Amino acid sequence: MIGINLEKKYTKSSEIIKMPIQSEFIIPFNKEDTLLKQKKDEVKTGEIIGYTKDSFPIFSSVTGTIKRISKDIVIKTKEESFFKYENESDKISDILKQYGIRGLSGSFSKTYLKYESAAKTLIVNALECEPYVSCDYAICINYIKEIKKMIETLILKQSFKEVCIVFPNNNLKLKELFTTYFANNENVRIMPLPNLYPLGWEKSLVRFIKHVDYVDSPLEVGCIVSNVSTIYAMYEAYFLNKPLYQRVITVVLKDRQVNVLIKNGTKVKDVLTFLNADIKDKTLILSGLMRGRKVNMNTPITLKDNSLFCIDVEKVKEEECIRCGKCVSNCPVKINPVLIKEAMNTNQLKRLHPEDCIECSICSYICPAAIPLKKIVTDAKKQVLK
Amino acid sequence: MINNQGPFIHNNLTKEKMKKFYLISLLPITFYATIRNGNFKRSFLILTFAILVFSCLLYLYNKLNKQTIKLDYKEFYPVTTILLCYLLYPLSLPWFFIAIPLFLYFLFRLLFFKYSYKKIGALSIAVLLSLLLFHKLGYNTTLLFFKGIGTSIFTDIIFYTFPTILGFIFLFALKSVKWKVPIVTFITLLFASLIIGIGNHSIITILLKFLTSQVLFVVLYLETISFNTPVSGVGSLLYGMFLGLLIMFLSLKKLPFYPSLLAISILPLTSSIFDYISSFKAPAIKKIIIPILIFLILFVILISNF
């Protein structure tokens with residue numbers, strides 16, 4: 001089983017709207033991170049304000065004054081001015097580290113770690129299998145030249161022998177676009193794939209394209225998987241010396257779907273006010289309908305989040321399991337959520353390998369009895385990893 | 001209920017819909033079987049009795065444990081199918097044939113999983129009691145399902161075989177049935193029939209017997225009861241092969257209570273064992289079991305023929 005076809009009622013939107021600067025931004029900050037700035041300090045857009053515990057830079061997404069430092073850093077904005085950088089090295093991985101480039105598909109992994117390897121295959125992922133999300137599609141339509149330039153640079157600098165660009169086979173516009181732009185490039189393969197969830201997941205992609213399995217990372221089988229949004233962020237870092245502090249997200253409202261360029265730390269409230277959204281009795285969800293989480297109006301949108309939903313959510317009633325086995329047959333990692341549920345708090349749990357779960361939520365989605373299997377398996381995963 | 005974590009969308013195929021599809025697919029054959037058996041009153045009595053015992057046991061269990069579990073027949077599949085069993089099959093089953101596999105089933109459940117065996121227990125006791133009662137009341141004919149006076153093989157094919165297969169296809173198309181188990185059982189039966197048929201030139205007879213007898217119903221419906229069949233792919237495969245083997249054995253040995261035994265034995269057949277085996281990551285175990293089962297099938301055929 002490679003995935004399921006999820007209902008998609010909206011047509012994909014390719015327009016990208018730029019969000020105006022709001023009065024206040026909240027940049028998430030962990031206790032383990034090192035902060036370079038103090039309260040009332042001035043910061044510029046793109047300036048380093050701290051480092052994570054593994055020395056990865058945290059950038060300010062706006063220009064302004066640090067108003068408060070508590071769980072997060074709250075910045076009161078001023079007129080925008082940009083912090084200027086020079087490339088410290090010509091090596092791709094060094095540049096990606098310098099500009100804090102991370103995977104924008106949802107993994108949020110440090111991209112430079114992938115490009116430090118000598119992998120010979122690059123998989124450019126434009127599948128975007130989460131329902132109603134179209135930010136990658138919009139990036140492809142609007143920045144295809146930049147993406148092409150970056151891919152060509154990567155082929156040259158990283159000596160990739162093969163670049164596979166994957167996208168949904170029902171998206172004819174993308175097919176035409178990639179075929180036009182990469183027709184003369186021998187190293188690039190245009191690969192339309194079934195529009196199934198979660199085929200966009202690294203392991204599924206590598207298995208589908210290369211017919212091999214790996215344990216921890218695609219690097220084990222000589223592959224690098226990068227999302228198109230990440231490729232575009234890499235272009236901005238490599239050619240424009242621009243750190244990663246903003247991204248395009250898809251905002252799905254009751255009657256429409258739009259792509260918005262937002263800065264790290266923009267509040268949900270600001271985005272919805274800007275779009276004149278009807279928020280009455282609506283549920284706010286960040287990061288997709290399958291893997292996302294419920295949030296409130298003051299939650300900041302981070303670079304990890306690819307979408308914001310302000311919609312009516314259907315209420316489901318949990319019932320008793322009928323052991324139909326749908327969760328098992330649809331699981332992309334071939335674990336057995338039913339048996340995990342039955343074996344909770346027993347010594348049988350370890351044998352069922354709940355730690356393999358990728359939290360794709362298919363089990364909960366497909367369950368006819370509406371059992372929150374994802375939560376159960378996630379709890380089991382925590383129990384086993386303790 | 002809305003969780004704080006995804007998914008926030010849900011598949012259209014709910015348990016309620018599956019129940020409806022299941023009932024719709026069963027209606028034509030149930031109707032035909034009831035007319036054929038001519039046991040309306042008796043069937044109705046058995047149905048009512050089984051429902052009452054099941055409800056009382058659940059109620060008592062809840063009271064004794066001071067729980068407030070709402071009784072809403074969540075165990076729909078076994079209940080419906082077992083009740084339909086009463087309608088479809090004249091029962092002639094010695095009690096210990098049910099008791100032994102039931103005992104093994106619960107033992108396995110208790111040893112390996114903390115599962116809601118209380119409900120299966122209540123259901124099985126209900127089945128057991130009603131079976132015993134009606135066995136004592138004289139409902140112990142050894143009539144086969146479609147061997148009544150005035151029927152022909154063509155009537156059976158038209159009113160029984162086709163609706164049964166179409167019902168299964170209907171459920172399959174709506175993704176409401178576990179298709180792996182019956183398909184594997186069918187292949188096992190076909191394989192075994194072929195070998196026997198080559199020996200005594202009776203492939204067509206065996207196949208016709210299979211298609212017009214209650215085995216078809218057992219394979220396509222009773223085996224696909226969600227609740228009691230394995231959930232894993234490998235488990236379903238093993239379970240299907242094992243069941244094919246059981247059907248073949250019972251059929252070849254010509255046991256007088258074969259139809260009812262077969263139908264009931266599926267309920268307590270320890271499907272959990274197959275799930276347990278298939279949950280091991282080591283593929284070696286799975287690889288060993290399949291050839292062993294094939295060998296067993298051949299062995300049973302050989303023994304049965306001599």
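Helices and strands are DSSP runs, numbered from the N terminus. The model shown in these views is predicted.

**View 1. A:Asn185 sits in a loop of chain A, between α5 (172-182) and β11 (188-193).**
A:Asn185 touches A:Glu152 and A:Ile155, leaving out residues up to four places away in sequence.

**View 2. Helices α3 (residues 135-142) and α4 (residues 144-158) of chain A pack with their axes 5 Å apart.**
The angle between α3(A) and α4(A) is about 85°. The two helices, α3(A) and α4(A), are therefore roughly perpendicular. From α3(A) come A:Ile139, A:Cys140, A:Ile141 and A:Asn142, which meet A:Ile144, A:Glu146 and A:Ile147 of α4(A). By class, this contact of α3(A) with α4(A) holds five nonpolar residues, one polar and one charged.

**View 3. Helix α4(A) also crosses helix α7 (residues 228-240) of chain A, at roughly 75°.**
The axes of α4(A) and α7(A) come within 9 Å. Again the arrangement is roughly perpendicular, here for α4(A) and α7(A). On the α4(A) side, the contact residues are A:Glu146, A:Ile147, A:Lys149, A:Met150, A:Ile151, A:Thr153, A:Leu154 and A:Lys157. On the α7(A) side they are A:Val228, A:Ile231, A:Tyr232, A:Met234, A:Tyr235, A:Tyr238 and A:Phe239. The contact of α4(A) with α7(A) has 11 nonpolar residues, one polar and three charged.

**View 4. A:Gln158 belongs to helix α4 of chain A.**
A:Gln158 is buried, with a relative accessible area of 13%. Which residues does A:Gln158 contact, leaving aside its neighbours within four places in sequence? They are A:Ile92, A:Tyr115, A:Ser117, A:Ala119, A:Lys120 and A:Thr153. A:Glu116 is 42 residues from A:Gln158 in sequence. In space, the C-alpha atoms of A:Gln158 and A:Glu116 are 9.1 Å apart.

**View 5. A:Val163 lies in strand β10 (residues 162-168) of chain A.**
Its relative accessible area is 0%, and A:Val163 is buried. Setting aside residues up to four places away in sequence, A:Val163 touches A:Leu122, A:Val124, A:Ile151, A:Ile155, A:Asn187, A:Val188 and A:Arg189. A:Thr45 is 118 residues from A:Val163 along the chain. The C-alpha atoms of A:Val163 and A:Thr45 are separated by 34 Å.

**View 6. Four strands of chain A form an open antiparallel sheet.**
The strand order is β2-β8-β7-β4 (chain A). At the edges stand β2 (24-28) and β4 (42-43) of chain A. Each has a single partner strand, so one side of each has no neighbour in the sheet. Strands β7 (residues 64-69) and β8 (residues 72-77) of chain A run antiparallel and are joined by five bridges. A:Gly64 stands opposite A:Thr77 of β8(A).

**View 7. Six strands of chain A make an open sheet with mixed pairing.**
The order is β1-β14-β13-β19-β16-β17 (chain A). The edge strands, β1 (16-18) and β17 (293-294) of chain A, each pair on one side only. Strand β16 (residues 283-286) of chain A runs antiparallel to β17(A), with two bridges between them. A:Lys294 in β17(A) is the bridge partner of A:Ile285. Helix α3(A) packs on this sheet and touches β1, β13 (246-252) and β14 (257-263) of chain A. The direction of α3(A) makes about 125° with that of β13(A).

**View 8. Two cysteines of chain A, A:Cys357 and A:Cys360, are in no disulfide.**
How many disulfides does a search of the whole structure find? The search finds zero, over all chains. For A:Cys357, the nearest cysteine sulfur is that of A:Cys363, 6.2 Å away. A:Cys357 counts as buried, at 12% relative accessibility. For A:Cys360, the nearest cysteine sulfur is that of A:Cys331, 6.2 Å away. A:Cys360 is buried, with a relative accessible area of 7%.

Note on methods:
Residues are numbered from 1 along each chain as its sequence is written. Chains are lettered from A and ligands numbered from 1 in the order in which they are written. This is a predicted model: local features need pLDDT of at least 70, side-chain atom pairs count only at pLDDT 80 or more; totals for chains, interfaces and linings use all residues. Side-chain values use heavy atoms; hydrogens and water are left out. Axes are lines fitted to C-alpha atoms, for helices over the stretch in contact, and angles run from 0 to 180 degrees between N-to-C directions. Angles under 35 degrees count as roughly parallel, over 145 as roughly antiparallel, 65 to 115 as roughly perpendicular and the rest as oblique. Contact means heavy atoms within 4.5 Å. Ala, Val, Leu, Ile, Met, Phe, Trp, Tyr, Cys and Pro count as nonpolar, Asp, Glu, Lys and Arg as charged, and the others, Gly among them, as polar. Two strands pair if DSSP finds at least two bridges between them. Buried means under 20% relative accessible area, exposed over 50%, partly exposed in between (1.4 Å probe, protein chains only). A disulfide is a pair of cysteine sulfur atoms within 2.5 Å.
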